[in-house]
Amino acid sequence: MNEVLYRLQELLFPSIPGVAVVAVCTDDEAIRIEARCTPSGAACPDCGHWTERVHSSYLRFPADLPAAGRSAQLVLRVRRFFCTATVCGRRTFVEQVPGLTRRHGRVTERLRQTMGAIGLALAGRAGARLAQVMGIATSRTTLLRRVMDLPDPTATEPRAVGVDDFALRRGHVYGTVVIDAETHQVLDLLPERDAATLAPWLAAHPEIEVICRDRAGAYAEAADTAAPQALQVADRFHLWQNLVTAVEKTVAAHRTCLRDLPPASPEPEPEWETPADATSDQNHEGADPTGRFAERARAHHALVHELLDQGMGIRRTARHLGWGHHTVQRYARAARWQDMVKGRKRQLPSKLNPFKPYLAQRCAETDGKVTILDLYREITGRGFRGHYSTVRDWARRDLPRPEDFTPAPPPPSVRKVTGWLTRHPATLTEEEKLHHKAVLDHCPELASAAELTGAFAEMLTTLSGSRLPEWITEATEVNLPGISSFATGLHSDFDAVTAGLTTDWNSGPVEGAVNRIKMLKRQMFGRAGFALLRKRVLLA
């Protein structure tokens, strides 16, 4: 029997010395493990004096991890000792088992660690569901408390750090994440994204040599104040993002050039093998509607009218089918099932109806040469209170057009042209390349913008930041709105931008940490505070 208890002791308490299993009892639901402490004495927790003088003993019942699919009930006999040191103010104390119990603890240390790990991985509600499956009786709030009880990771001395902001409440509250740019480990989360919050953290780490950041002025101010010895590196992604925004402003300022682009010759339409009678049948006004709702309306209409023909009233039919009274009433009043489908949309009178005769008269007087904008302004002066799009849609739909009339293709949007100028030429399709060439040939200003954008992209990809002063001078002299302002703004952050276009440091790992923070926030459903989020990010 002693051999069996010894094997059980090795199985249940493999790395906990000083515990002996006395007995093990099992039933259908739980396993009862009786154990005791084996050392002859204990050290006083206050003075550290070793004593073997026993005062008394009692039983503790700390909750433990389930075993073999059953809940484990640990019955541990502990002793109370006298402290025999005369200088110690404590008279008695209770022995503790390192790695198994702690003062005033009602669970074992391994169960506490398991709940902390579950809370770190899944937070409260999901963690509580998983714990229930594992046979651990706990609540979501207990799991979160176990997470908050975990100690922070040991402080390191990073040589290079990355700094970026993240949203605690998007559009309202933001914080700052600091990571080790070499190991990509999150070092800390700060509750604000201003210089006053970041500067003390940087001052506490004088060993920092490199700071990767975006172009936010607050982070630059904090680095200049608290870490003047560090090299600041403006992230290349954010630089390119700023340039794309500047190019979009340049294109928007020259959108009039896009309206006068020569139209591209349209490709001939393919000849479909569709019989003429089939096309006429599809466009025929009397064609039956199709779709899932139409099939359901057909079946319901037939069912309602069949019951009505049998002498059942509307109320009795509704009770029989389990439908609403008004639903059965609508089917009963509809002579055809097609009316139930076609009547779903009710056409409201348009604000343009009183002005349509005047619009038709003006178009006839000018032989269709009056612009839609002029028509809109004329009827607005006569009391029209609608939008320009209402007049435009009516003119395109109802006004007669010559037989040989071909509408001009709409000019490319500002966003589309910006994409042509800022994307890599290899990613453009053949059609986009043709439009891109047409835009550059027609608008010299946008051709200059494309040339400057390509030169900056070459600096960014080849890390040739030494050519930045020449690029700034050239971009400033062309006097393009957007790009020239961007080039002028680089002077205020010239050293960091040069380092970003020269060194290999970047803020890519920081963006990955921000994405992980977003995932943890979604797990917590936005209910947790900053302290819990910080703990999970640092330890998860």
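Colleague: Start with confidence. What is the mean pLDDT of the chain?

Modeller: This is a predicted model. The mean pLDDT of the chain is 84, and 90% of its residues reach 70 or more.

Colleague: OK, the core next. How many residues are in the largest nonpolar core?

Modeller: The largest nonpolar core has 35 residues. Phe456, Trp471 and Leu490 have the most contacts inside it.

Colleague: Which helices supply it?

Modeller: α7, α8, α17, α19, α20, α21 and α22 each supply at least two residues of this core. The largest share, seven residues, comes from α19.

Colleague: What is Phe456 in contact with, leaving aside its neighbours within four places in sequence?

Modeller: Leaving those aside, Phe456 is in contact with Leu239, Trp240, Leu243, Leu468, Trp471, Phe486, Leu490 and Leu501.

Colleague: Let's look at α20 then. Which of its residues are buried?

Modeller: Leu468, Trp471, Ile472 and Ala475 are the buried residues of α20. They cover an arc of only 100° around the axis, so they sit on the same side of α20.

Colleague: And what covers them?

Modeller: The cover over the buried residues of α20 includes α7, α19, α21 and α22. The face turned away from the buried side carries the exposed residues Glu470 and Glu477. After α20 comes Asn479, whose phi is positive, near 55°.

Colleague: Now α3. Which residues are buried there?

Modeller: Helix α3 covers residues 125–134, and Gly127, Ala128 and Ala131 are buried in it. Seen down the axis of α3, the buried residues fall within an arc of 100°, so they line one face of the helix.

Colleague: What do they pack against, and what is on the other side?

Modeller: The buried residues of α3 pack against α2 and α4. On the other side of α3, Arg129, Gln132 and Val133 are exposed. α3 is followed by Gly135, with a positive phi near 90°.

Colleague: Change of topic. How many salt bridges does the structure hold?

Modeller: The structure holds 24 salt bridges. One of them is between Asp152 and Arg534, with the closest N and O atoms 3.3 Å apart.

Colleague: Where do those two residues lie?

Modeller: Asp152 lies in the loop between α4 and β8, and Arg534 lies in helix α24, so the pair ties together parts that are 382 residues apart in sequence.

Colleague: What about Asp152 and Lys535?

Modeller: Asp152 also forms a salt bridge with Lys535, the closest N and O atoms being 2.9 Å apart. That pair links distant parts of the chain, with Asp152 in the loop between α4 and β8 and Lys535 in helix α24, 383 residues apart.

Colleague: Is Lys535 buried or exposed? And Asp152?

Modeller: Lys535 counts as buried because its relative accessibility is 9%, and buried means under 20%. Asp152, at 37%, counts as partly exposed.

Colleague: Where does Asp165 come in?

Modeller: The side chains of Asp165 and Arg193 meet in a salt bridge, at 2.8 Å from N to O. Asp165 is in strand β8 and Arg193 is in the loop between β10 and α5, 28 residues apart. Arg193 counts as partly exposed, at 38% relative accessibility.

Colleague: Last topic, backbone angles. What is phi of Ala123?

Modeller: Phi of Ala123 is near 65°, a positive value in a residue other than glycine. Ala123 is in the loop between α2 and α3. Ala123 is buried, with a relative accessible area of 3%.

Colleague: And phi of His184?

Modeller: Phi of His184 is also positive, near 65°, in a residue other than glycine. His184 is found in the loop between β9 and β10. At 47% relative accessibility, His184 counts as partly exposed.

Terms used:
Residues are numbered from 1 along each chain as its sequence is written. This is a predicted model: local features need pLDDT of at least 70, side-chain atom pairs count only at pLDDT 80 or more; totals for chains, interfaces and linings use all residues. Side-chain values use heavy atoms; hydrogens and water are left out. A salt bridge is a side-chain nitrogen of Lys or Arg within 4 Å of a carboxyl oxygen of Asp or Glu. Helices (H or I, at least four residues) and strands (E, at least two) are DSSP runs, numbered from the N terminus. Buried means under 20% relative accessible area, exposed over 50%, partly exposed in between (1.4 Å probe, protein chains only). The arc is that of the directions from the helix axis to the C-beta atoms. Contact means heavy atoms within 4.5 Å. A nonpolar core is a set of buried Ala, Val, Leu, Ile, Met, Phe, Trp, Tyr and Cys residues joined through side-chain atoms within 4.5 Å. pLDDT is the predictor's confidence in each residue, from 0 to 100.
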